[in-house]
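Trainee: Could you walk me through reading a structure like this one? I'd like the general idea behind each feature, then the case at hand.

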Amino acid sequence: MPVEQIDWRKTVEAILEKSKRQFVPINKSFVQLPKGSEERKSVLSQFVRNGDARGLKSYLLIAASASCADKHGDWCTSLPLQTWARAFGCYQTASSVDTGKTAARRIFSRLRERGLIEEFCSGKNREIKIRLLSQDGSGENYERPRKRFIRLSYDFWRNGYDEKLTLPAVAMLLTVLGEKQPCRLPFEQMPEWYGWSADTAERGLQELEDKGIIRKGKYVRETALSPTGYTRGNEYTVLPPFDRQTLDASRRRRVAEKDQEHE
């Protein structure tokens, strides 16, 4: 089949279906390091500053496909290189199969450099085995997040948002998903807190609002020492299908369906 005729969406759907989950869990340290750290910006800022939209979206898909730990406690996922290249969308602009595979190798290289994965050749078919590392980019072992973490709904792929959203919008979606709802994100703090500019944050949030992914509201807070006695600003709320309530309802439906199958 010619490269331009390959249905890469079916490959992505097969990866998501195989994981048997409704969302990919992302540790908050991927977006922002904990309070008390020497600096708050984390590995996500490297994608944003380098304009690496394809690398970020590919990493999120890799994280989605690694759905459980192996007998050694490692979180791994394996596919042939050509399949990875197709899933990453490399063939949308590639002139040949080899060109697409080269693009996928470059993505893996960038993810290795950022301390997010290890890469191996595996099995008789020489599949590319990816081992997840800590999502803060430290290179330590990956551990599934247990407490507060980001839940990125698989609707990100199934509704085509991985194509529709620009890099600033994806970065701000992950940021908003990691905060209590509604959240307040002062633009002037963005460089220090997250590692990208106020302009990038504003553009990303506006895009999310325009596409109906978040809702912007206003808040008024009493501030005794301000000139007016009040502080006004914006706050943001995640909307379905990315909100926590929708994901919880989806999980309950899946559990109920499984229970019915076993009756």
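Mentor: Let's start with rings: the structure holds 11 aromatic pairs. Rings of Phe, Tyr and Trp (its six-membered ring) pair if their centres lie within 6.5 Å; planes under 30 degrees apart count as stacked, over 60 as edge-to-face and the rest as tilted. Bear in mind that this is a predicted model, where local features need pLDDT of at least 70, side-chain atom pairs count only at pLDDT 80 or more, and totals for chains, interfaces and linings use all residues. Residues are numbered from 1 along each chain as its sequence is written, and side-chain values use heavy atoms, with hydrogens and water left out.

Trainee: How do I read one of those pairs, say Trp 84 and Phe 108?

Mentor: A pair of aromatic rings is described by the distance of the centres and the angle of the planes. Trp 84 and Phe 108 are edge-to-face, with 6.1 Å centre to centre and 90° between the planes. Trp 84 belongs to helix H4 (residues 81-87) and Phe 108 to helix H5 (residues 97-113), so the pair ties together parts that are 24 residues apart in sequence. Helices (H or I, at least four residues) and strands (E, at least two) are DSSP runs, numbered from the N terminus.

Trainee: Are Trp 84 and Phe 108 buried or exposed?

Mentor: Both are buried. That means under 20% relative accessible area; exposed is over 50%, and partly exposed is in between (1.4 Å probe, protein chains only).

Trainee: Which residues do ring pairs link into a cluster?

Mentor: Phe 30, Phe 47 and Tyr 59. Tyr 59 and Phe 47 also turn up among the contacts (heavy atoms within 4.5 Å) of Leu 111, leaving aside its neighbours within four places in sequence. Leu 111 lies in H5 and is buried, at a relative accessible area of 0%.

Trainee: Now helices. What should I look for in H1?

Mentor: An α-helix has 3.6 residues a turn, so residues three or four places apart point the same way. In H1, the buried residues are Trp 8, Thr 11, Val 12, Ile 15, Leu 16 and Ser 19. They cover an arc of only 135° around the axis, which puts them on the same side of H1; the arc is that of the directions from the helix axis to the C-beta atoms. On the other side, Lys 10 and Lys 18 are exposed.

Trainee: What do the buried residues of H1 pack against?

Mentor: Their partners are helix H3 (53-65), strand E2 (76-79), H4, helix H6 (155-158) and helix H7 (161-164).

Trainee: How many residues of helix H8 are buried?

Mentor: 11 of the 11 residues of H8 (residues 167-177), so this helix is largely enclosed by the rest of the structure.
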